Each structure stands twice: as C-alpha cells, then as structure tokens.
Amino acid sequence: MERFDDLPGITGHLLAVDECAPDGERLPVGLLDDHDEVARVDGVVRLGDSGAHHVRAVADERDRAGVDGDDAALRRVFVRTPDCEKRLVVEVRGQRFAIDEDDVSIGVLELDELVAVGIEGDAEQVLERVVQLADVVASEVVAGRDFHGGITGRSALKSSARRSGHGDTTNWRTRILDSMSNTADAASADGEPEGPIRVPADLARQLENKREDLFEKFEIRDAFPDEVMAEAEERVDDVQAEIEAEIADREDLRELTTWTTDPADAQDFDDAISIEERDDEYVLWVHIADVSHYVHPESAMWEEAIERGNTVYLPGYTVHMLPPVLAETVCSLVPNEDRLAHTVEMHLDKETLGYETIDIYKSVIESDERLTYKQAEERLDDPDAPLHDECNLVFDVADRMHEQRKEEGSLVLNPRRDRAHTIIEECMLKANKAVTHELMWSRGVEAVYRVHPQPSPDEWDDALREIQELDGVSIPGDSWDDPRKAVNATLEEAPGRQLGKIQWAVMKVMPRAKYMNDPFGGHHALNFEIYGHFTSPIRRMSDLVNHWIVYQNDVPENLIELCDHASDRQKAGENAEREYSDFLEEVGLDSDAVKNRGIEVDDDLDDIQY
C-alpha cells in the first residue's frame with residue numbers, strides 16, 4: 001500500500017459518505033472539496049482478503065447477487081479520510097460502487113485486468129491514473145445503487161470528470177439497447193416518476209440555447225406553422241360526431257376487450273391489443289390509431305409530418321412529428337372513449353403461431369383500460385385483478401413468439417426484458433411483420449420497408465472473437481454456425497457484468513438499418529425476410545405512409561425519396577439526442593434521470609436539485 005499526504009487533484013472523483021449515520025446506513029454528504037485532505041489511497045484488494053466478505057455486486061438494475069470468497073473477476077478500491085469520520089466511494093464515469101455490510105466503503109470493479117490505484121507519484125500522476133482506469137472500465141463498472149440504496153451524486157461526478165477534460169461519459173449500455181430497438185414501441189423503460197429535476201433559471205436557458213443550436217445544426221423543426229396548428233385544432237372539433245359518421249364504414253369492435261400498455265409518463269397511446277383463444281387458434285388484434293384519417297396527402301399536417309420524418313426525443317424535451325393537440329386527443333386510444341383505429345387481425349395457429357389469416361381494416365374501438373408497464377406486471381400476478389386472464393393469455397403467446405424468434409435466429413440483445421415489455425414488443429413485431437408481409441406477397445405493392453444489412457463474415461468473426469475473450473464468457477460450441485444464435489446463447493449464460501461488452505461488440509459491426517421501397521435483403525438482426533413499420537404513425541413518417549398505402553392500395557410517386565428522407569431524419573434525430581445527452585452530462589445533469597423525470601425551472605435555486 002502506498003501513502004499520499006495531499007491529493008487535491010483527485011477530490012472531484014470521490015464521494016464522501018457519513019459514517020456516523022444511524023443503523024449502519026451510509027448516507028451521502030456530497031463530493032469532497034479541494035481542501036479536503038485524503039490521507040491514503042489503498043490499492044486493489046482481492047475479495048479473498050480479510051474483511052472483504054458480503055460484498056454486493058449489481059449485475060444490472062434488476063439483478064443483485066451476493067458475492068463471497070475469492071473471485072478473480074471482482075476487485076475493490078476504497079479511500080478514507082485521516083480522521084476516519086468519513087469513508088469514501090470512488091465513482092468512475094458516474095457508475096456507482098457498492099458499500100459492504102462490514103461498513104467498509106468499497107468500489108466493486110468488474111475487470112480482471114484492473115491494477116492498483118495506489119501507485120507512487122504526485123497528485124497529477126494519481127489523477128491521470130484514475131482517468132486511465134475510467135477509460136478502461138467504463139462499461140465494466142457495476143451500475144445501479146448499492147444495496148443500502150444510499151449512494152447518489154452520479155451526475156455531479158460525471159460533470160467533474162468532464163470539467164477536468166477527461167473521458168467520455170456516454171452511457172453505452174443504454175445507447176446499445178436503444179439503437180438495437182427497431183421496434184421502439186416497447187423501448188421505453190417503466191418506473192414510477194420521482195418528480196422533475198429542479199434546475200436554476202440560468203441553467204434552463206443554457207439548455208434551451210443548446211437545443212436551438214442542435215435544431216439548426218440538424219435541421220430539426222420545433223414549432224409548427226400556424227397553418228398546421230389551425231388544421232389540427234379544426235380536426236379535434238366535434239370528435240364523437242365524426243366517429244359516429246364513420247361507424248357504418250368500419251368494423252365496430254367496441255365490445256371487444258381492449259387495452260393499452262405504455263410507460264407511466266406516456267402522453268399519447270397509439271396502440272392497443274385484444275386477444276382470444278379459440279379451439280384451434282389464437283386471434284390477436286393489434287389496433288393502431290388511425291392517424292391517416294386525419295393526416296393525409298391533401299392536408300398541411302401531412303406535408304409537415306413528411307418534412308419532420310419522425311418525433312425526436314431529447315431527454316426532457318420532445319419535438320413532435322404531429323401537433324400534440326391532435327396526437328394526444330383524437331389519435332390517442334384513451335380508455336372509455338370511442339376512437340378510430342387501423343386494426344391488424346391475426347389468426348395464429350396454436351402449434352406454430354404462424355399466420356392462418358391476416359386481415360387489415362379500419363375500425364372503431366373503445367379501450368377498456370390504460371395500463372402502465374408496472375400495472376401490467378401487477379395484473380399478471382393478481383388473479384383477481386381486471387384483465388388478469390387476458391394479460392396472462394397474451395403473455396403466454398408473446399413469450400412463445402419471443403422464444404420462437406430466438407430459435408429462428410432473431411438477434412435478442414436484451415434477454416432480460418420483463419413480461420409487460422415482452423407482450424408489447426412481440427405483438428408489435430407480429431403486426432408489423434403481418435402488414436408488410438401482406439403488402440409484399442398478397443398485394444405485390446411497394447411500401448416503406450425496413451432493411452437491415454448483415455455484417456460481413458469477417459466482421460461477425462471479429463465480434464465473436466472479442467466476446468469469446470471476455471472473462472467469464474464462453475460461446476456455446478453448437479451455436480457458432482449462426483452468429484445471431486451464438487450471441488443469444490452467450491447472453492443467456494454470461495455474467496451480468498459482461499452484458500454491456502457483449503452488446504457493444506455486436507453493435508460495432510452492425511450496419512445501420514434504413515428505409516427502402518423494396519424489402520430485398522430483409523432485416524438481418526430480426527432475421528425477417530420482409531419487415532416494415534406500421535404500429536407508430538404518430539411518431540414515424542414511415543408508419544404513416546404505410547397506413548396510407550394499406551388504405552388506398554396505392555403507392556406515392558416519390559416513395560424512394562420518402563424512404564431516403566425517413567432514413568436521413570432518423571439519423572439526424574439520433575445524433576441530436578446523443579449530443580444533447582452529452583451536453584447534459586457536461587453541465588452536471590444525469591441524462592437518464594432527465595429523460596425519465598423531466599426538468600422544472602426554479603428561479604430561487606443556485607444549483608441542481610435531484
């Protein structure tokens with residue numbers, strides 16, 4: 001162990017914890033100041049050493065595992081102040097370490113190659129060493145709260161690292177999962193809101209200025225033209241009378257048990273599901289808001305939606321494709337209200353879950369209930385709750401579809417999704433596939449197809465070799481012939497600490513998916529011969545155009561141009577979201593927290609209040 005008497009340069013990377021808190025709880029008291037003296041930096045200690053029992057390693061947000069004894073893949077680092085009244089926890093790139101039950105503040109680093117922090121040298125050399133470790137272990141540090149639930153200050157530490165000019169604080173695990181979700185219908189994580197993050201007015205102005213810069217850089221339109229807003233407001237007048245006038249020309253499904261499932265903070269509900277089990281089949285209905293009834297090629301809203309391409313989701317700020325006055329009212333499948341829908345009715349063989357028949361038609365529905373993902377999970381567990389039987393039936397079918405997709409070679413980078421998300425993801429995939437299958441094979445028309453090229457064999461080999469070399473990871477021998485199945489099988493068995501690295505190894509070799517008027521090449525990641533988007537016409541121009549093609553059985557003359565524009569706009573939106581997230585980290589805000597909770601401006605604040 002080496003000793004350091006003065007390490008002012010390292011203090012921004014340390015978090016002080018109050019050792020005098022009652023009942024063994026270690027409550028955070030904030031970052032160390034530059035004048036706080038750090039007496040000793042102890043080096044890396046193996047868990048087999050004395051005093052290192054009962055360490056908690058967090059594999060991911062839902063998996064907390066106790067660790068005992070000597071584990072070569074886990075290490076600890078701890079720092080303490082001279083008077084021993086405080087114990088410190090090192091955080092690297094904002095990822096939290098744990099505190100063990102023996103009241104020793106520790107950092108659990110999941111990297112076999114990690115070397116001692118306690119090296120000889122002056123303060124500047126020690127700071128540089130910490131930065132080097134941050135670069136090495138960015139995706140390997142155990143994420144989430146310690147098991148006491150007491151460590152905070154993540155964004156402040158990220159901000160400190162940024163101000164020091166070291167490292168990139170990108171949350172790669174989140175980015176990987178987001179970028180792999182070509183069915184963003186189920187991509188949003190659920191959780192009960194903790195209330196908005198309060199920020200001072202001057203910081204709010206900085207955020208606004210940054211958004212304006214990004215909008216100009218990526219040619220993103222924020223405010224809607226007056227003509228578009230006037231048209232949207234006109235279409236929401238006398239909604240029920242318009243629906244009553246439409247019923248004669250539509251399937252009346254208002255008596256069918258129907259419900260929506262969305263994140264807790266969702267503002268519009270554009271998809272709903274119904275299901276029935278019959279003697280020899282399942283009937284699955286996916287109802288999508290009939291946006292094309294209100295937004296069509298003769299409307300100003302259509303032209304504006306085409307230009308925007310998609311809704312852009314910046315953390316805490318949304319740039320809508322459609323005016324919210326329309327999207328959040330007549331195009332939102334709210335419960336106990338009649339709504340116009342475009343329904344995909346799929347009759348599925350009970351044994352194979354293959355399509356027996358597919359029928360796509362305009363309908364009128366009435367949702368029975370709006371569930372959050374958390375509520376859907378609760379309904380699955382409570383036999384006396386409304387929709388319990390329906391939720392369990394659709395989960396049984398969705399779970400089988402999920403396993404079937406994996407067996408057939410569909411790449412599943414997130415193997416631990418909960419039941420509610422599995423239901424929505426699989427139902428939307430089934431509906432998207434059914435619609436584009438129908439367009440291609442039954443009608444023989446062009447459409448906006450989603451095409452995902454495959455990596456070259458050499459690129460897949462590089463990814464698999466990188467995965468195979470990870471500590472504690474082994475690719476099953478019988479899966480090497482199909483790289484997607486190899487990755488799926490490996491993710492199922494790999495330790496949680498390695499999931500991020502496996503996902504990133506795959507993402508590095510994956511070409512970008514794009515929209516095309518011909519499905520040639522298929523969707524490699526999903527292993528679908530034909531695939532396209534239909535289930536989110538409120539936020540994706542590709543889906544809106546496909547709704548119009550299904551309804552009119554006619555293809556826009558400029559379809560190729562539309563496909564290219566949709567691909568370009570999606571890329572621009574993703575780049576803007578990434579740059580804005582990075583900026584949030586620079587100014588001391590946790591981008592994930594902002595995304596989940598939003599921001600509230602408080603003129604009386606001098607600092608961020610989480």
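Figure 1. Of the 610 residues in the protein chain, 56% are buried (under 20% relative accessible area; exposed is over 50% and partly exposed lies in between, with a 1.4 Å probe and protein chains only). The protein chain holds 18 helices and 23 strands, taken as DSSP runs numbered from the N terminus (helices H or I, at least four residues; strands E, at least two). Among contacts (heavy atoms within 4.5 Å) with a separation of 6 or more, 76% join residues 24 or more positions apart.

Figure 2. Four aromatic pairs are counted (ring centres of Phe, Tyr and Trp, the latter by its six-membered ring, within 6.5 Å; planes under 30 degrees apart are stacked, over 60 edge-to-face, the rest tilted). Trp548 and Tyr551 are edge-to-face because their ring centres lie 5.8 Å apart and their planes meet at 65°. Trp548 is buried at 16% relative accessible area, whereas Tyr551 is partly exposed at 44%. Together with Trp302, Trp548 and Tyr551 form one aromatic cluster.

**Figure 3. Lysines over the faces of tyrosine rings.** Lys362 is placed over the face of Tyr551, 3.9 Å from the ring centre (NZ of Lys or CZ of Arg within 6 Å of the ring centre and within 35 degrees of the ring normal). Lys430 lies over the face of Tyr355, at 4.8 Å from the ring centre.

**Notes.** Residues are numbered from 1 along each chain as its sequence is written, and side-chain values use heavy atoms, without hydrogens and water. In this predicted model, local features need pLDDT of at least 70 and side-chain atom pairs count only at pLDDT 80 or more, while totals for chains, interfaces and linings use all residues.
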